[in-house]
Amino acid sequence: MSTASVNGIDINYALEGDGPETVVLVNGLADELETWAYQMPALLDAGFRVLSFDNRGIGRADEPAGPYSSGSMAADTKALVDELGITDFHLMGVSMGGMIAQAYALAHQEDLRSLTLACTYAAPGPFCSRMFAMWADIASVQGVPMVMRDVTLWAFTLDFFREREDELAEFETAMRYVNQPVSAYLAQLAVIQNHDTTADLGRITVPTLVIAGEEDILIPTRLSHELHDLVPGSDWATTPGGHGCIWEHPEPFNTRFVDFLNQNRSKS
């Protein structure tokens, strides 16, 4: 891993593989770059170079005062790829990362070969807004690990809880020891509370895939489909699992994602 000083902060990143085309991965709320572990082998085996990094406020990145926005965090991403000389790349964001990816595409569409928006929305609406307000209240009183334990209940399907106890226990332990200051968590939480691109997504013309877990109850699948409807010509796909489908069922998720990337490789 390496560190880049960009956009006024230090960002921890990993650049892996030596393929001719690069996939840039943008994390969700409170997720460090290691959360892409289930996607990395599939992307590297497909011949891509892959950039992952810690968003501001998490992991080994700086934690400047918030609140943050999808636009400001897209500016971090832009500064990082420019620093590394990465152009004409495939951008993928999951959950909060999908909101950052939307903001990036709206500001710098010329940089992108393709755009993938996973388990995300154009705007939170009344259901998600109430959930996130509760997370802010819980974090302020009981700390970030308590919130993340609650998130676990929303992220996986009933089958995961019934049939995969060892993996569940591992995930719950990781959530119990999340090391993110409350101030940084609330600064990131503001991104998903205030994100709203509903009036702007019609300007996106880059090839786009919107993909969601079939049983997502945290960001309901219906909200992701509404996002798909707002992006002209975008592809739509669902994959087994819930909001944590990239971990619960990585193989079908990765297959659909890599197929889309291959469809949009350079023809030269």
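Trainee: Which residues is Tyr 185 in contact with, leaving aside its neighbours within four places in sequence?
Mentor: In this predicted model, Tyr 185 is in contact (heavy atoms within 4.5 Å) with Leu 29, Ala 30, Trp 135, Ala 139, Val 144, Val 147, Met 148 and Gln 180. Local features need pLDDT of at least 70 and side-chain atom pairs pLDDT 80 or more, while totals for chains, interfaces and linings use all residues. Residues are numbered from 1 along each chain as its sequence is written, and side-chain values use heavy atoms, leaving out hydrogens and water.

Trainee: Which residues touch the most other members of the largest nonpolar core?
Mentor: They are Leu 25, Leu 91, Leu 115, Phe 132, Trp 135, Tyr 185 and Ile 192, in a core of 85 residues. Such a core is a set of buried Ala, Val, Leu, Ile, Met, Phe, Trp, Tyr and Cys residues joined through side-chain atoms within 4.5 Å; buried means under 20% relative accessible area, with a 1.4 Å probe and protein chains only.

Trainee: And which helix gives the largest share of this core?
Mentor: Helix H3, residues 96-108, supplies eight residues. Helices are DSSP runs of H or I with at least four residues, and strands are runs of E with at least two, numbered from the N terminus.

Trainee: How many helices and strands are there in the chain?
Mentor: The chain has 11 helices and eight strands. Its radius of gyration is 17 Å, close to the 18 Å from the globule rule for 268 residues, so the chain is as compact as a globular protein of that length. That radius is taken over C-alpha atoms, and the rule is 2.2 Å times the number of residues to the power 0.38.

Trainee: What percentage of the residues is buried?
Mentor: Buried residues account for 54% of the 268.

Methods. Buried < 20%, exposed > 50% of the residue type's maximum accessible area, 1.4 Å probe, protein only.
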